[in-house]
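User: I would like to learn how to read domains and contacts in a model. Where do we begin?
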Amino acid sequence: MKNNKIKILTWPYLFWAVAFIVIPLLMIFYYGLTDRSGAFTFENIAAIATAEHAKALWLSLGLSLIATVICLLLGYPLASILAHLNSKTNVILFIFILPMWMNFLLRTLAWQTLLEKTGVINTILSLIGLPTINIINTGGAIVLGMVYNFLPFMVLPLYNSITKIDDDVINAARDLGADRFQTFMRVILPLTVPGIISGITMVFVPSLTSFVISTILGGSKILLIGNVIEEQFTHTGNWQLGSGLSIVLMLFIIINMICSAIFDKDSEGGVL
Amino acid sequence: MNNKLIDLQHITKSFDGDLVLDDLDLYIRENEFLTLLGPSGCGKTTTLRIIGGFTTPDKGCVLFNGEDITNLPPNKRQLNTVFQKYALFTHMTIEDNIAFGLKIKGKTDKYIKDKIDYALNLVNLKGYGKRMPDSLSGGQQQRIAIARAIVNEPKVLLLDEPLGALDLKLRQDMQYELIRLKKDLGITFIYVTHDQEEALTMSDTIVVMNQGYIQQIGSPEDIYNEPENAFVADFIGDSNIIDAVFIHDELVSILGANFPCVDTGFGNNKPVDVVIRPEDVVLTVPEKGIITGKVTDLIFKGVHYEMSVMACGFEWLVHSTTMFPVGAEVGINVDPFNIQIMNKPASEDEEAISIEE
Amino acid sequence: MKTIKKIYLTLILIFLYAPILTLIVLSFNSSKTRAKWGGFSIKWYGSLFKNEDIMQALYTTLLIALLSSLIATIIGLAACIGLRHFNKTSKSIVIGVTNIPMLNADIVTGISLMLLFLSMGLKFGFGTILLSHITFNIPYVILSIMPRMNKLNVHTYEAALDLGANPLYAFFKVVLPDLMPGILSGFLLAFTMSLDDFIITHFTKGAGIDTLSTKIYTEVKKGIKPEMYALSTIIFIAVLILLLLINKPSKDDKDNKQVQVIATI
């Protein structure tokens, strides 16, 4: 009918997407692949191999991987318990999501107060005569900050995929002779793979690229790849290097997405 | 045929304070096709889930071959369920769905393969083994759900409104299919439905339930022809349920007119309910009727006409192959054999189970 | 089993709420350093409202959140309506591009916009923050509206036309109400995302302007002012009340939807 007229409605967004999503992304590639004089170079990307940058990258990958695994291990039972609360589910779910609405920086800052050498936790520990813990300004504190901030991103997709499973599907497995463990391994786990995958992505990507958590909880000694890139833009002013390292970072994000796409497909094919 | 395979004794169950089953006693014989029939919320599905092991009764016990299985988990019971919405494992192929129970039991690959072929053959879905459940139609998924259950050679197959999601034609086909399966397999079927026609077509025994109580147990013929109370009469087919007075043996006063009947032993001058099926109401010319009335409504239904007749302040539902136009004066006769006399509900319990519109 | 679950839930709850509780306690601490407890006091609540820097940052944050989510909702809604009539290929390309800011790291989105604004010679400030926030908000709006759009029953619109409505009237009376839950959750999501954003604002704000997030970040380095704890307590209570109000009518429905929307990110 008048489809063409209606299509015009999309144009402002198309313009916006090109101007503020596509072009800026291309600019990163432009800066990342040129030197200060504008000549083509791979130097900015190769810079990841220098000891300082490689160390930051490995550290980021390691810490975010640990944080993701911890989130999965903590989040799966949590999501499962929440999904099976029947009557007051919404209220309890609400309680678990509420902290997400607190400002991200303030939440992280509060952990600094809790973890400090003379902080709340250590004060309590020494009061009851236990040895104090000393994890502030270590990788451990950063992992804790990541888990704290991104745990809901793991729980929500898991919660959704668990609630989607029809109770009778679980009953059917039991009916056909599977015990609780077999039911979990053969039916519940495979059916929640999409939730697990999207949970992993949603925790891993922000963990890998974070620079705020490491700044607040890691002190100035621990540099993650996010900190290195941020410095290039806010202090050093070396946009070319920052863009080059960003391209490397995006590479890892893309690898993560390809992995999840492959896993997701497998689950549909029924590997178990 | 006569030994009790499953015996439910004094089963009581409530959810959140709502009493769903109250002191229910029921046994199922071996090789029987038993149907639990009733409106939604009558407790029929809860009864089935208690037999399947998905719900534990608050009181009472479940005996299987004389053995108490009340607290046995579902995976340890020798019965299998076909669920209402099939509950197929969407992440597995049809084959893997059917093989699920057999793999758990550690059967050999050869055995499993043979069983899958046998089951797919049985449900007329040969060659569908490699497909995913989502690619099948509702009727096909239903057959797979049945196949998945029967390969485990259960002693009893529980079916929870398995045809509810299918359209009418498919439902009728599946009814015949189920009867055939039952004959081929020679196992006990316990079937839950709210569809009286389904129940009448397939069952050996029908258990009519309402509000947690069993209203009547009997063969389809018994249930239809001799309903024990107004609820059963109303729930199974159309019927005229009329207040009446039992004058003495073999005579009942309906709407002030005396009708001869065949029942005895209801006392003298005692209020009762009578049930008269619409097809048993005989319309004739006014002079020949025991009572007279006027046709108020007429619908052609194919095999018969459905008419409403206003007589003595009661609107009679009549099915007849002879047509009387709207406004015609008619006489009403009923064969004494077709008048079913029922006691009025006496106790409070029975009051609670009378018809809810 | 039940007890294990309860203990587990309780431990997670302690983990989730310990920092928030800490902030609230600190806001009543009369001592200026957070290291020691100087007695109960509400003086920081008083000085908070006299602190012009914080008040200005709060104002900027709210204004940016409101404007950016409003503009994003309008552009996003229009885009969704038009997209219905695109063919499959161009539609998936558009959706693909829309997904980029959500899948990409915030830091990359932030620096890419920074590079763009620099090369355009724009003056960094309120305008650049607003442009950035609209950019990362539109995808949330589109992804909230799109599922409802796809489920939209075309026949209701046709029925309205059949009953004599003109297309515009039919759209506002029939289609829009159907989309409303998606539009609302998209708007709310965009609003919260804007409120909570730090990283992208950090790269696109320039000197002399601050949102609450960037303000906190600067203070983290220089030493945080106790007024900030008071503010965060107020925000927490406000959000709590707001969410309770939103969730009150038709509790199950909205709460679930909210969760689903967030979970689809």
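Analyst: Begin with domains: their bounds come from an automatic or database domain assignment. This is a predicted model. For chain B, the assignment gives domain 1 (4-225) and domain 2 (230-352).

User: How many Å apart are the C-alpha centres of domain 1 and domain 2 of chain B?

Analyst: The centres lie 38 Å apart.

User: How many residues of each domain of chain B are in contact?

Analyst: A contact here means C-beta atoms within 7 Å. Eight residues of domain 1 of chain B meet six residues of domain 2 of chain B. On the domain 1 side, strand 9 (205-210), strand 10 (213-218) and helix 7 (220-225) of chain B each give two or more residues. That side has three nonpolar residues, five polar and no charged.

User: Now the chains. How many residues does the contact take from chain A and from chain B?

Analyst: Chain A gives 18 residues and chain B gives 22 residues. On the chain A side, helix 9 (167-175), helix 10 (180-191) and helix 14 (239-269) each supply at least two residues. Helix 9 of chain A gives the most, with six residues. By type, the chain A side splits into seven nonpolar, five polar and six charged.

Methods: Residues are numbered from 1 along each chain as its sequence is written. Chains are lettered from A and ligands numbered from 1 in the order in which they are written. This is a predicted model: local features need pLDDT of at least 70, side-chain atom pairs count only at pLDDT 80 or more; totals for chains, interfaces and linings use all residues. Two residues are in contact if their C-beta atoms, placed from the backbone, lie within 7 Å. Helices (H or I, at least four residues) and strands (E, at least two) are DSSP runs, numbered from the N terminus. Ala, Val, Leu, Ile, Met, Phe, Trp, Tyr, Cys and Pro count as nonpolar, Asp, Glu, Lys and Arg as charged, and the others, Gly among them, as polar.
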